[in-house]
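Please look over the model below, and then work through the questions and answers that follow it.

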Amino acid sequence: MDLFGVPIQALLGQLMLGIVNGSFYAVLSLGLAIIFGVLKIVNFAHGAFFMLGAFVAFMAGSYLGIDYWAALLIAPLVVAGIGMLFEYLFLRRVYGLDPIYGLLLTFSLVLVLEGGFRVAFGSSGQAYATPEALRGAINLGFMILPEYRAFVVAASVTVCLATWYVIERTRLGAYLRAATERSELTGAFGINVPLLVTLTYGAGVGLAAFAGVLAAPIFHVNPSMGSTLVIIVFAVVVIGGLGSIFGAVVTGLGLGIVEGFTRVFYSEFSSTIVFLVMVLVLLVRPAGLFGRTEG
Amino acid sequence: MQTALRLVAVLALAALLAVPLFPQIVYPVFVMQTLCFMLFACAFNLLLGHTGILSFGHAAFLGSGAYITGYCAKFLALPAELSILAGTLTGAALGAVFGALAIRRSGIYLAMITLAMSQLVYFFYLQAPFTGAEDGMQQIPRGTLFGLLDLHNDVTLYYVVFATIAGGLWVVWRTVNSPFGAVLRAIREHEPRAISLGYPVARYKVVVFTLSAGLSGLAGSMKAIIFQLAALNDVHWHTSGDVVLMTLLGGMNTVFGPAAGALLVSALTRYLDPFGAWVTVVIGVVFMACVLVFREGIVGKLQHVLRRRPREKRQAVDREGMVRTSE
């Protein structure tokens with residue numbers, strides 16, 4: 001059976017791979033959107049924290065013998081800690097200034113982290129074994145899907161839903177939303193906004209690290225694994241509407257699928273289609289697909 | 001104190017002119033590369049420092065200059081001056097397109113749009129049949145300038161590059177110190193007021209985008225002639241980040257500060273090269289320090305110290321040390 005002159009199996013296969021990529025985009029852009037919402041800073045270091053998550057898992061595994069499942073929990077916490085320290089010591093100092101200083105400060109952190117890991121581990125990358133329980137494959141009829149990739153999609157969707165629940169249905173989430181809307185007023189009600197901001201940054205980069213651990217068995221763990229991804233994730237967040245959490249997740253998955261389709265018809269363009277979509281979306285809807293018109 | 005600055009400038013100029021005579025002290029090709037980055041950074045600063053627009057896609061203009069010059073010289077066998085002109089004009093044309101699209105937004109969004117468009121340009125050069133993809137476009141012929149000056153001669157090449165870059169920098173200086181430049185600053189300081197005064201702000205922004213991109217293209221063209229190579233890292237977004245660093249480091253509220261920043265970054269990159277990846281770490285730390293405590297940049301700070309203004313005025317300058325983009 002053919003669709004647009006392409007075997008439908010190939011189409012569905014690429015669609016599945018697109019969803020796997022899209023789930024990485026979704027988790028990463030979710031973190032980026034939360035951080036932007038509260039801090040009003042575009043966290044250029046998001047990809048570096050993603051890389052850091054993968055490396056923490058790798059180092060924990062090879063030096064301390066910590067297995068994948070423990071690393072999936074520990075790495076995000078460690079990275080969140082590092083992120084909060086960075087926020088507390090440095091990022092905090094540029095809040096009053098033009099937002100581009102936040103962008104530049106986090107960009108400089110990328111250079112330090114990537115360079116540091118290149119010094120320590122070289123640029124070629126380290127293999128990270130897929131956990132044993134997920135080494136099999138599922139036959140979907142139109143393609144053979146490795147179990148691990150299915151797990152990635154399931155884990156990403158779970159994390160996105162959990163984050164949504166925390167933000168929309170808990171007291172902490174209510175504080176967070178209040179701080180996003182009017183941080184001064186929230187402070188006036190006696191809520192410790194600076195602490196909330198630090199925690200938000202930690203949570204955002206923790207999500208990035210979680211995605212990094214998920215990615216470790218699929219991609220080689222290498223110092224530049226984040227910087228190629230972060231540019232795409234930026235585009236995802238801008239298309240979704242900066243600061244829109246729902247928009248970030250939906251757009252992340254959606255663009256993964258768009259990429260998958262592009263790979264069928266014009267495979268070289270698949271890594272660039274996102275930017276074309278971004279330019280087109282911004283021309284029609286300047287605030288992004290799910291963003292409110294401001295700025 | 002102005003005389004001290006002037007003396008330094010004259011000494012620096014004399015040193016630059018003497019470079020080809022002492023190749024054992026400093027490698028002329030390194031100086032030529034640095035000169036290109038100086039022009040690139042000063043051209044970029046027309047947008048960032050003087051108009052308050054952060055473009056995160058300037059690598060597209062530098063890279064296009066390099067590739068188009070290379071294409072004209074290598075495949076169309078055009079003389080050097082026409083190839084360079086073609087590279088510069090391509091940069092300018094691309095700048096007009098980027099500008100026209102990007103200025104519909106401001107601040108962070110504008111930066112993201114330019115980044116996205118520069119990724120499209122990157123894709124073009126990765127895929128286009130004439131660019132040699134990952135290998136880069138190699139063995140670009142240097143040719144002869146105006147049929148008179150043989151650019152294969154390293155000394156001739158050096159002075160041609162020097163003169164061209166000096167010309168480019170003069171254009172930057174002239175632009176900043178012109179009525180046009182005054183309007184740009186008005187846009188930076190208070191865009192709604194500039195609009196209400198009747199200035200066609202959008203048109204000004206597109207023009208300064210075009211100018212900045214054209215000069216960046218010129219820098220790229222010269223780079224292609226010097227190295228006889230146009231490569232993908234000229235169009236890579238890392239280069240767009242580097243030029244922001246150079247500008248910030250040198251001082252974005254000055255005309256030639258970015259050139260000092262470019263010199264420092266080039267020198268760091270070159271002389272720390274034996275330490276491998278440590279270069280990136282060092283540059284990252286310098287960048288971080290610069291954003292946190294040193295936002296006026298080297299030249300900005302120097303001017304500031306040399307002027308010895310009364311305290312109130314100095315504080316006013318401090319506040320100007322931050323770019324303001326209108327939201």
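Q: How are α4(B) and α5(B) oriented to each other?
A: In this predicted model, the axes of helix α4 (residues 80–102) of chain B and helix α5 (residues 107–127) of chain B come within 10 Å and cross at roughly 140 degrees. An angle over 145 degrees would count as roughly antiparallel, and one of 65 to 115 degrees as roughly perpendicular. The crossing of this pair is right-handed, and by its angle the orientation of α4(B) and α5(B) is therefore oblique.

Q: How many nonpolar, polar and charged residues does the contact of α4(B) with α5(B) have?
A: From α4(B), the contact draws on B:Leu94, B:Phe98, B:Leu101 and B:Ala102, while α5(B) brings B:Leu110, B:Ile113, B:Thr114, B:Met117, B:Ser118 and B:Val121. Sorted by class, the contact has no charged residues, two polar ones and, as the remaining class, nonpolar residues numbering eight.

Q: Is B:Ala77 buried or exposed?
A: B:Ala77 sits in the loop between α3 (59–74) and α4 of chain B, and its phi is positive, at about 55 degrees, although the residue is not a glycine. Most residues other than glycine have a negative phi. Because its relative accessibility is 61%, B:Ala77 counts as exposed.

Q: Which accessibility class does A:Lys40 count in?
A: A:Lys40, in the loop between α1 and α2 of chain A, also has a positive phi, near 55 degrees, in a residue other than glycine. Its relative accessibility is 43%, so A:Lys40 counts as partly exposed.

Q: Is A:Ile41 buried or exposed?
A: A:Ile41 belongs to the loop between α1 (8–39) and α2 (46–64) of chain A. Beyond its neighbours within four places in sequence, A:Ile41 is in contact with A:Ile35, A:Phe36, A:Leu91, A:Val94, A:Tyr95 and A:Gly102. Because its relative accessibility is 3%, A:Ile41 counts as buried.

Q: What distance separates the C-alpha atoms of A:Ile41 and A:Gly243?
A: Along the chain, A:Ile41 and A:Gly243 are 202 residues apart. In the model, however, the separation of their C-alpha atoms is 9.9 Å.

Q: How far apart are the end C-alpha atoms of α10(A)?
A: Helix α10 (residues 245–265) of chain A has 21 residues, which at 1.5 Å a residue should span 30 Å. That expectation agrees with the model, where the end C-alpha atoms are apart by 31 Å.

Q: What covers the buried residues of α10(A)?
A: The buried residues of α10(A) include A:Gly247, A:Val249, A:Leu255, A:Glu259 and A:Thr262. The elements that cover the buried residues include, in chain A, α1, α5 (147–169), α9 (225–240) and α11 (273–284).

Definitions and conventions: Residues are numbered from 1 along each chain as its sequence is written. Chains are lettered from A and ligands numbered from 1 in the order in which they are written. This is a predicted model: local features need pLDDT of at least 70, side-chain atom pairs count only at pLDDT 80 or more; totals for chains, interfaces and linings use all residues. Side-chain values use heavy atoms; hydrogens and water are left out. Helices (H or I, at least four residues) and strands (E, at least two) are DSSP runs, numbered from the N terminus. Buried means under 20% relative accessible area, exposed over 50%, partly exposed in between (1.4 Å probe, protein chains only). Contact means heavy atoms within 4.5 Å. Axes are lines fitted to C-alpha atoms, for helices over the stretch in contact, and angles run from 0 to 180 degrees between N-to-C directions. Angles under 35 degrees count as roughly parallel, over 145 as roughly antiparallel, 65 to 115 as roughly perpendicular and the rest as oblique. A crossing is left-handed if the near helix is turned anticlockwise from the far one by less than a right angle, and right-handed if clockwise. Ala, Val, Leu, Ile, Met, Phe, Trp, Tyr, Cys and Pro count as nonpolar, Asp, Glu, Lys and Arg as charged, and the others, Gly among them, as polar. The expected span of a helix is 1.5 Å times one less than its number of residues.
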